[in-house]
Amino acid sequence: MKMIIAAIKPFKLEEVREALTQIGVSGLMVTEIKGFGAQAGHTEIYRGAEYEVNFVPKIKLEIVVSADQADQVVETITQTARTGKIGDGKIFVLDVAQAVRVRTGETNLEAL
């Protein structure tokens, strides 16, 4: 099993969720986050004063899938979340040792 962690622009969430559903992803976790990378924040003007915004709002997706589905999920997120502009996000893929469905006790792939 693989865990895919993706940081994407917030306005891309619904489009990415729909694309993942179409390829058979049955669940994901979503968290509102803030961070910076190459984009490194920006400045905004509020009531005539300029403020530096060091952290940019993002959405973090966490998805656990079978190892053979991981590449398709990564490609789907990449294609759907891409705007071509700086700050599109990052995707990380990690190994998952075990998964357990709390309600039934099912483990690993059956728990997904």
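**View 1. K2 is partly exposed, with a relative accessible area of 23%.** Here, buried means under 20% relative accessible area, exposed means over 50%, and partly exposed covers what lies in between (1.4 Å probe, protein chains only). Welcome to a predicted model, in which local features need pLDDT of at least 70 and side-chain atom pairs count only at pLDDT 80 or more, while totals for chains, interfaces and linings use all residues. Residues are numbered from 1 along each chain as its sequence is written, and side-chain values use heavy atoms, leaving out hydrogens and water. The partner to look for is D95, which forms a salt bridge with K2, the closest N and O atoms being 2.4 Å apart. (A salt bridge is a side-chain nitrogen of Lys or Arg within 4 Å of a carboxyl oxygen of Asp or Glu.) This pair links distant parts of the chain: K2 sits in strand β1 (residues 2–8) and D95 in strand β6 (residues 89–95), 93 residues apart. Helices (H or I, at least four residues) and strands (E, at least two) are DSSP runs, numbered from the N terminus. D95 is exposed, at a relative accessible area of 61%.

**View 2. R17 and E14 form a salt bridge, with their closest N and O atoms 2.5 Å apart.** Both belong to helix α1 (residues 13–22), and because they are three residues apart, about one helical turn separates R17 from E14. An α-helix has 3.6 residues a turn, so residues three or four places apart point the same way. R17 is partly exposed at 36% relative accessibility, and E14 is partly exposed at 41%. Another salt bridge joins E15 to K12, where the closest N and O atoms are 3.2 Å apart. K12 is buried, with a relative accessible area of 9%, whereas E15 is partly exposed at 39%. A search of the whole structure finds five salt bridges.

**View 3. The largest nonpolar core has 14 residues.** Such a core is a set of buried Ala, Val, Leu, Ile, Met, Phe, Trp, Tyr and Cys residues joined through side-chain atoms within 4.5 Å. Those with the most contacts inside this core are I8, V16, L20, L61, I63, V73 and I77. Two or more residues come from each of β1, α1, β5 (56–65) and α2 (70–81). Follow V16 and you will find it touching I8, L61, I77, T80 and A81, not counting residues up to four places away in sequence; contact means heavy atoms within 4.5 Å.

**View 4. In helix α2, the buried residues are A70, V73, T76, I77, T80 and A81.** They share one side of α2, because they cover an arc of only 130° around the axis. That arc is taken from the directions from the helix axis to the C-beta atoms. The buried residues of α2 pack against β1, α1, β5 and β6.

**View 5. Y51 lies in strand β4 (residues 49–53).** UniProt, in an unreviewed entry, places the feature "modified residue: O-UMP-tyrosine" at Y51. UniProt positions follow the numbering used here, feature names are shortened, and annotations may be inferred rather than shown by experiment. Y51 is partly exposed, with a relative accessible area of 44%.
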